[in-house]
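Work through the exercises below with the structure open. Try each task before reading its solution.

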Number of protein chains: 2
Amino acid sequence: MAKQKKENSEVRADGLDERKLKILHAVIRNYLETGEPVGSRTISKYTDLNLSSATIRNEMSDLEELGYIIQPHTSAGRIPTDKAYRLYVDTMMEEKDREINNLKGMLVEAEEKMDMMLKNVAKVLAVNTNYATVVTAPAIHGNKLKFIQISRVDDSQILATIVVEGNMIRNNMISVDEPLTDETMLKLNILLNTHLTGMSLDEINLGMITHLKEQAGIDSKIVGEILDAVAQAIRGEEDLEVYTSGANNILKYPELADNQRAGDLINTFEEKQALARIAADSLEGDAGTGIQIYIGEEAPIEAMKDCSVVTATYELGEGMRGSIAIVGPKRMDYEKVVGTLKTMKVELEDMYKKKSSKKSKKSDQ
Amino acid sequence: MAKQKKENSEVRADGLDERKLKILHAVIRNYLETGEPVGSRTISKYTDLNLSSATIRNEMSDLEELGYIIQPHTSAGRIPTDKAYRLYVDTMMEEKDREINNLKGMLVEAEEKMDMMLKNVAKVLAVNTNYATVVTAPAIHGNKLKFIQISRVDDSQILATIVVEGNMIRNNMISVDEPLTDETMLKLNILLNTHLTGMSLDEINLGMITHLKEQAGIDSKIVGEILDAVAQAIRGEEDLEVYTSGANNILKYPELADNQRAGDLINTFEEKQALARIAADSLEGDAGTGIQIYIGEEAPIEAMKDCSVVTATYELGEGMRGSIAIVGPKRMDYEKVVGTLKTMKVELEDMYKKKSSKKSKKSDQ
DNA sequence: GTTAGCACTCATTTATTTAGAGTGCTAACA
DNA sequence: TGTTAGCACTCTAAATAAATGAGTGCTAAC
């Protein structure tokens with residue numbers, strides 16, 4: 001056991017022995033806190049390794065060669081690369097279980113309206129973390145149709161109102177060339193409800209559709225249009241509701257705040273539509289803890305290539321899954337963010353359970 | 001006619017003779033263009049007055065005393081005060097009739113959906129002017145009810161779908177303690193539609209309501225709730241839709257781009273809800289040209305006290321009035337903005353007329 | 001393998017200088 | 001009496017220079 005270090009040194013495939021790992025960890029932690037390049041001297045004091053700065057320097061030199069840290073310019077300290085962050089969140093991170101201040105209070109207020117509540121989730125997170133947040137409403141993915149109502153608004157327009165599990169409501173105006181009679185309307189309503197209620201999108205297949213059209217007889221054209229609307233409603237992709245908050249927080253991080261970059265980011269947040277990508281990515285990802293982390297270039301949106309994005313998915317009942325994302329600088333406080341996100345996820349799911357079990361007296365959505 | 005100047009000099013109550021006016025105008029114009037304090041020498045070249053810089057200096061000194069211009073610091077040029085801007089937009093401005101690039105093209109694409117279209121209006125304006133824009137959907141003020149549909153979704157919930165003139169649709173879930181029968185539903189639907197269709201909010205008064213409740217008999221409680229929903233839908237105040245675009249443009253103007261101020265502004269744009277104030281202010285204002293200008297402190301929102309806000313109201317048919325606002329630095333190009341806004345207003349109103357006259361083949365909402 | 005020591009680099013800060021824009025005032029002019 | 005040239009003065013912004021200091025890499029000694 002002449003030199004313990006030696007033994008460990010070549011064990012790992014990535015060329016990192018324990019000491020290097022410790023040093024790298026220290027560099028990252030320190031950089032997360034300060035946002036400044038960190039030098040050898042700092043590390044030598046910061047860690048319990050009891051090594052001189054010179055030794056640290058040697059190690060850091062190796063770490064640089066391995067691609068974990070870089071110098072922004074000669075004779076500056078080192079900063080972590082994306083590769084280092086990745087390693088960090090994958091293996092080195094200890095999660096802090098973060099208390100979210102009066103989270104419940106703020107949420108409960110808005111319990112009645114789903115959209116208000118999600119908007120609030122975004123806001124609470126933004127205020128608590130000082131990053132920008134994105135919350136998408138639960139996509140009605142694989143979700144079941146609950147109710148359809150066709151109504152004649154006037155001679156040329158009929159209104160299809162579609163309610164899916166979870167009381168998401170969608171309206172679609174359909175224009176018709178000539179008025180439908182009351183009987184037709186009634187027939188259609190019964191037809192649609194008896195056949196479609198309780199079905200998910202996958203079940204509404206071609207056979208089903210032809211069958212329905214046959215039954216509808218001469219009104220099959222309308223049925224077609226209605227089914228399109230239904231499909232759209234169930235799929236719900238097209239206009240996935242997106243709520244954001246704290247876009248202005250971006251300006252708080254100098255590394256993101258230069259006018260061009262910040263402008264693009266803020267624009268992305270304002271336009272919202274691109275943000276749906278985050279949800280999509282997040283939802284199809286790992287369903288284990290439901291947390292995913294994108295660092296730098298990994299981020300699903302071009303404008304965020306200098307950011308890190310942490311996403312969580314939440315699930316309200318059968319297949320109603322939405323996502324929460326936090327966007328910040330690469331040196332974001334991953335521990336805090338992941339902790340906060342997990343708490344929020346649980347909070348949200350609990351709230352839903354409680355609400356739907358107590359057979360709410362209030363209207364929702 | 002020894003000295004023509006003398007004759008005009010004391011005519012105006014505000015102490016401005018023609019020459020001073022010309023100089024002030026020149027100062028403002030120049031400052032709008034450059035954003036830099038403007039000095040006497042510049043003016044002496046810039047104008048056709050053929051006066052030396054020294055003379056201009058004397059005049060400017062007077063203008064400063066009168067409160068129209070100030071020096072940001074000794075020995076800098078002068079910049080206009082809010083008072084000067086006010087004078088400028090009130091009396092000196094000549095409107096440029098600005099062509100909006102492919103405005104129509106962009107709007108037509110989105111003709112189908114009102115919300116998409118308004119979102120687009122905001123975007124087009126933001127891109128064209130390089131300022132931030134706010135568009136509010138037409139408030140259904142004094143508007144008429146077109147259609148009501150009550151449907152039973154399940155045993156404890158009924159859905160009220162309300163359509164008002166202009167095909168704005170609103171849904172409300174109402175919880176009931178015990179299921180309603182089919183007959184009751186049918187009765188309610190007929191009752192509501194026969195009595196309420198074509199009515200505006202003002203007409204749905206207490207007498208009406210009691211009358212309806214009587215007719216509904218034991219179901220009067222439900223009727224009450226439905227009427228509440230209707231009132232809310234027609235009033236439509238609560239959640240006035242607000243669309244924004246170009247918030248990032250704020251960062252383009254150094255005088256607004258310092259982190260604190262810009263952050264607040266961007267936040268205001270993201271939260272949206274405060275922006276409804278702009279609409280409210282704008283809608284109750286002068287219905288003549290429909291254009292209003294708020295300079296600095298006059299602005300209806302605290303965060304905009306260093307900005308100017310130009311608003312226009314548009315009217316789609318009877319009483320459906322919405323607003324468009326442009327938010328920029330005080331040195332915004334008022335001529336261009338007012339011109340653009342007027343064009344947009346007309347464009348929008350035309351589009352609506354055309355659309356509602358040709359009895360659209362497409363769905364809207 | 002570890003460390004002290006030293007020369008060197010380079011971003012950041014601070015001070016100093018310079019240039020230029022602009023003013024106010026005075027005296028002269030038409 | 002209004003206009004103007006001229007000049008001293010002020011103050012910002014830009015350019016330049018100097019000082020600081022954090023950090024590195026390398027070498028030689030432990």
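The exercises that follow concern a predicted model.

**Exercise 1. Find how chain B is laid on chain A, and state the symmetry.**

Step 1. Conclude. The two copies are therefore related as by a two-fold rotation axis.

**Exercise 2. Describe the side of chain B that touches chain A.**

Step 1. Count the contacts. On chain B, 35 residues are in contact with 35 residues of chain A.
Step 2. Assign elements. Strand 4 (145-154), strand 5 (157-164), strand 6 (168-175), strand 7 (242-245) and helix 11 (259-271) of chain B give two or more residues each.
Step 3. Pick the main contributor. Helix 11 of chain B gives the most, with seven residues.
Step 4. Sort by class. This side of chain B holds 12 nonpolar, 17 polar and six charged residues.
Step 5. Compare the copies. The copies meet through the same surface, because 100% of the interface residues of chain B are also interface residues in chain A.

**Exercise 3. Work out the order and pairing of the three-stranded sheet in chain B.**

Step 1. Set the order. The sheet is open and runs 4-5-6, with antiparallel pairing.
Step 2. Find the edges. Strand 4 and strand 6 of chain B each pair on one side only.
Step 3. Note the twist. From one strand to the next it averages 20°.
Step 4. Look at one pair. Strand 4 and strand 5 of chain B are joined by eight bridges in the antiparallel sense. Within strand 5 of chain B, Ile158(B) stands opposite Arg152(B).

**Exercise 4. Characterise the surface near DNA strand C.**

Step 1. List the neighbours. DNA strand C is surrounded by 24 residues, and the closest are Ser52(A), Thr55(A), Ser75(A), Gly39(B) and Ser40(B).
Step 2. Assign helices. Helix 1 (4-9) and helix 4 (53-65) of chain A, with helix 3 (40-46) and helix 4 (53-65) of chain B, each supply at least two residues.
Step 3. Helix 4 of chain B gives the most, four residues.
Step 4. Sort by class. Six residues are nonpolar, 12 polar and six charged.

**Exercise 5. Do the corresponding analysis for DNA strand D.**

Step 1. List the neighbours. Around DNA strand D are 23 residues; Gly39(A), Ser40(A), Thr55(B), Thr74(B) and Ser75(B) come nearest.
Step 2. The largest share, four residues, comes from helix 4 of chain A.
Step 3. Sort by class. The surface near DNA strand D has six nonpolar, 12 polar and five charged residues.

Technical notes: Residues are numbered from 1 along each chain as its sequence is written. Chains are lettered from A and ligands numbered from 1 in the order in which they are written. This is a predicted model: local features need pLDDT of at least 70, side-chain atom pairs count only at pLDDT 80 or more; totals for chains, interfaces and linings use all residues. A residue is near a molecule or strand if its C-beta atom, placed from the backbone, lies within 6 Å of it. Ala, Val, Leu, Ile, Met, Phe, Trp, Tyr, Cys and Pro count as nonpolar, Asp, Glu, Lys and Arg as charged, and the others, Gly among them, as polar. Two residues are in contact if their C-beta atoms, placed from the backbone, lie within 7 Å. Copies are superposed by least squares on the C-alpha atoms of residues with pLDDT of at least 70 in both. Two strands pair if DSSP finds at least two bridges between them. Axes are lines fitted to C-alpha atoms, for helices over the stretch in contact, and angles run from 0 to 180 degrees between N-to-C directions.
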